[in-house]
Amino acid sequence: MRIAIGGISHESSTFATVPTRLDDFKLRSGAAGPELLERFEGTKTPIGGFIDAARVANYELAPTTFASATPGGPVTAEATEVLTGQLVDGLKAALADGPLDGVMLALHGAMVSDLDDDGESYIIRKVREVVGPDLPLIVELDLHGNITQEMVDLVSMPVAYDEYPHNDPYERGYEIGLLMPKIVRGGAKPTPALVKIPLISSLQRQHSYAEPMLSVKHLARDMENERGVLNVSYLPGFAWADIAPNNFSIIVTTDDDPAQARRLASQLADYIWSRRDEFIAKPVSVDEAVLHAMQAPEGPIVLADIGDNPGGGAPADGTVLLEALLRLGATNAVAVPINDPESVERAFAAGAGNPVSLHLGAKVDTFHGTPLDVSGCVVR
């Protein structure tokens, strides 16, 4: 049994004004051929899970290529074509060395490309052109994937993270690595069913260790214990992608039983819909939050501007919270981070221990406040 592994992963915000280019993938992580196994062996990553499962289940891996970039704007056409081409070339090289019994890919689910809003389907279509329509293909997805029917139809089965914050990419990779022998050796016939829910969940309500997601997770795990069920995935989606498939997705994969898959996916979707109001966050105003923090008897108090989250593709140069802290007279407060290379250069020019005046932040786009004129001392 010989299985090819690889992947391309990106979470794309269509509101971000800076595109994700090929060089951005080179900055974060990338590996090809044997280096892929060397780099990811022993790591708590999807690829690391593939590697460990293959060792336990005693089958050979054919490494292709893997690339990922920090969340940002849509992936350029050049980057999409080059990276997908490298993955495809890796598969062709693997096939030249001998037949493949399957493919396991670490993707994301929320990649938007200049070539296709559904970046994952673009990648998988190119993969299918090389390996054919019937070779077992399992993909790992982030819980924040925006899923299309085309993507589900192109693969044997998708498996998404269970947890947010994401502490189980390795475990899901390991799960996929053990599911593959069930298909190749055991004759399992995955039949996935996708149900879309007309709901865009607030990020603050997706925490899988608290309600309402905790009960969703428990119900999904109960369903996975039902005879014939291979996987149950629930994906609240990535809200900062203004594309058609942006909503809550349920994917249930059974062993050669489409009716069972559809029944369970609909059951889980109905349960989520019955609690839909709980998936909507009700944040307070910035001033109210700052005043509450200033009046709190104990600290620290963390005020998180989730709309300027670099982990979601934003520039991390927002000034809205800092403006309120200054205007309302807050003391003993820290604002971090503000991504502003121009201000960094001015601070270096002033030197440690010296005063500096800055036109600070909010220079990348118009979504995150306006630049603030501030003065201070360069500590170090």
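I started with a helix pair in this predicted model: H4 and H5 run roughly parallel to each other, because angles under 35 degrees count as such and their axes cross at roughly 25°. H4 covers residues 77-96 and H5 covers residues 119-131, and the axes come within 10 Å. I also looked up the handedness: H4 passes H5 in a right-handed crossing.

Next I wanted the residues at this contact. From H4 I noted Thr80, Glu81, Thr84, Leu87, Val88, Leu91, Lys92 and Leu95. On the H5 side they meet Tyr122, Ile123, Lys126, Val127, Val130 and Val131. Sorted by class, the contact of H4 with H5 has nine nonpolar residues, two polar and three charged.

Then I turned to a sheet. Three strands make it up, in the order S7-S9-S8, and I wrote it down as open with antiparallel pairing. Which strands stand at the edges? They are S7 (190-197) and S8 (229-235). Each has a single partner strand, so one side of each is left without a neighbour in the sheet. I get an average twist of 10° from one strand to the next.

I followed one pairing further. S8 pairs with S9 (residues 248-255) over six bridges, in the antiparallel sense. For Val229, I found the bridge partner in S9 to be Thr254.

Last entry: what packs on the sheet? I found helix H8, residues 213-224, touching S8 and S9. The direction of H8 makes about 165° with that of S8.

Conventions: Residues are numbered from 1 along each chain as its sequence is written. This is a predicted model: local features need pLDDT of at least 70, side-chain atom pairs count only at pLDDT 80 or more; totals for chains, interfaces and linings use all residues. Side-chain values use heavy atoms; hydrogens and water are left out. Axes are lines fitted to C-alpha atoms, for helices over the stretch in contact, and angles run from 0 to 180 degrees between N-to-C directions. Helices (H or I, at least four residues) and strands (E, at least two) are DSSP runs, numbered from the N terminus. Angles under 35 degrees count as roughly parallel, over 145 as roughly antiparallel, 65 to 115 as roughly perpendicular and the rest as oblique. A crossing is left-handed if the near helix is turned anticlockwise from the far one by less than a right angle, and right-handed if clockwise. Contact means heavy atoms within 4.5 Å. Ala, Val, Leu, Ile, Met, Phe, Trp, Tyr, Cys and Pro count as nonpolar, Asp, Glu, Lys and Arg as charged, and the others, Gly among them, as polar. Two strands pair if DSSP finds at least two bridges between them.
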